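Welcome! Have a look at the sequence and the 3D structure below, and then try the exercises with me.

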Amino acid sequence: MKERLEELKTEALDKVTNSDTLKDLQDIRVAYLGKKGPITEVLRGMGKLSKEERPIIGELANKVREAISDALDEKKEKLEAEELEKKLAEETIDVTLPGRPVQVGGPHLLTSIVEEIEDLFIGMGFEIKEGPEVETDYYNFEALNLPKGHPARDMQDSFYITEELLLRTHTSPVQARTMGAYEGRKPVKMICPGKVYRRDTDDATHSHQFTQIEGLYVDKNVRMSDLKGVLNRFAKQMFGEDREIRLRPSFFPFTEPSVEMDISCKVCNGEGCSVCKGTGWIEILGGGMVHPRVLEMAGYDPKVYNGFAFGMGPERIAMLKYGVDDIRHFYMNDIRFLKQYHKA
């Protein structure tokens with residue numbers, strides 16, 4: 001039995017020395033030190049030995065186990081070190097190489113335009129208000145002096161969900177909701193940016209979805225000249241201090257009197273060119289004095305309060321300001337177009 005243990009020791013140590021992989025070492029460990037290994041099998045025969053021989057063989061068996069285990073651990077450590085060294089050599093990083101540039105994104109051009117307009121009007125004391133994009137027929141039309149069957153509704157054909165629910169066609173419902181919430185008790189000075197929807201055929205200047213910013217100022221003794229002053233400041237801030245504006249008579253059901261605002265063409269400085277179609281002016285937005293009927297429906301006494309309202313499209317402003325020739329560029333997500341305006 002003693003000779004058998006010595007033979008197993010020599011045999012196992014030889015295999016450990018000649019092993020080349022961690023898997024070989026694990027196989028040797030299981031084969032010689034496992035519960036079904038030859039050393040365990042030898043120890044099972046110790047019952048046939050005398051009392052004097054048992055402790056001697058037991059001590060030898062433990063020494064053999066320990067020698068094999070130590071050899072396995074030592075070889076394992078060596079193989080792991082060699083494997084790590086090989087891996088490090090294969091995955092060497094040249095720290096002297098220049099770093100790869102990381103592309104940094106930026107805000108969408110429309111987002112930049114909207115934020116610029118918001119900052120301008122906040123500076124003039126206006127609040128930012130928001131409202132639902134799925135709107136009721138009452139707030140989208142009726143509260144703005146557009147009763148059912150009114151012909152002006154045809155210009156704002158929308159996407160209806162039910163007969164009384166639709167995707168809003170403008171952000172004016174936010175104005176009606178805000179005035180209604182105030183119940184005619186205090187002034188209103190606000191702008192309301194957001195997405196709106198109309199059943200337009202998409203082309204270079206039309207889209208079924210676009211953004212809009214509308215403004216409202218209701219108080220005592222508000223005049224048309226106040227509206228002109230606000231819009232004049234807006235035009236100069238957005239298009240340059242040398243821009244001139246003009247107001248032309250127009251019609252909107254929710255304002256009376258109503259106007260369209262033009263700015264002088266920055267390409268020809270008002271002399272006439274292809275951009276302004278020879279007129280020297282470019283239409284930019286609409287507005288007017290709030291219709292007394294709209295004030296009444298919102299709870300305001302038109303004999304005490306009056307005000308002005310206006311509406312503009314950030315897409316049109318961006319197209320004029322940056323020379324964009326197709327509204328669809330804003331929504332096609334072409335990175336070549338979008339990244340041109342990251343610092344706009």
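Predicted model: local features only at pLDDT ≥ 70, side-chain atom pairs only at ≥ 80, totals over all residues.

Residues are numbered from 1 along each chain as its sequence is written, and side-chain values use heavy atoms, with hydrogens and water left out.

**Exercise 1. Work out the order of the strands in the open sheet, and find its edges.**

Step 1: Strands (E, at least two residues) and helices (H or I, at least four) are DSSP runs, numbered from the N terminus. Two strands pair if DSSP finds at least two bridges between them.

Step 2: Reading across, the seven strands come in the order E1-E4-E5-E9-E8-E7-E6, with mixed pairing.

Step 3: E1 (127–128) and E6 each have a single partner strand, so they stand at the edges, with one side of each left without a neighbour in the sheet.

Step 4: Take a look at one pair: E6 and E7 are joined by seven bridges in the antiparallel sense. Here Phe252 stands opposite Thr255 in E7.

**Exercise 2. Describe how H5 and H10 cross.**

Step 1: Axes are lines fitted to C-alpha atoms, for helices over the stretch in contact, and angles run from 0 to 180 degrees between N-to-C directions.

Step 2: The axes of H5 (residues 109–123) and H10 come within 10 Å and cross at roughly 100 degrees.

Step 3: Angles of 65 to 115 degrees count as roughly perpendicular (under 35 is roughly parallel, over 145 roughly antiparallel, and the rest oblique). H5 and H10 are therefore roughly perpendicular to each other.

Step 4: On the H5 side, the residues that meet H10 include Leu110, Ile113 and Ile117, and among their partners in H10 are Pro314, Ile317 and Tyr322. Contact means heavy atoms within 4.5 Å. Sorted by class, this contact has nine nonpolar, no polar and three charged residues. Ala, Val, Leu, Ile, Met, Phe, Trp, Tyr, Cys and Pro count as nonpolar, Asp, Glu, Lys and Arg as charged, and the others, Gly among them, as polar.

**Exercise 3. Find the helices that lie across strands of the sheet.**

Step 1: H7 lies across E1, E4 (188–197), E5 and E9, and runs at about 140 degrees to E4.

Step 2: H8 (residues 224–239) lies across E6, E7, E8 and E9, at about 25 degrees to E7.
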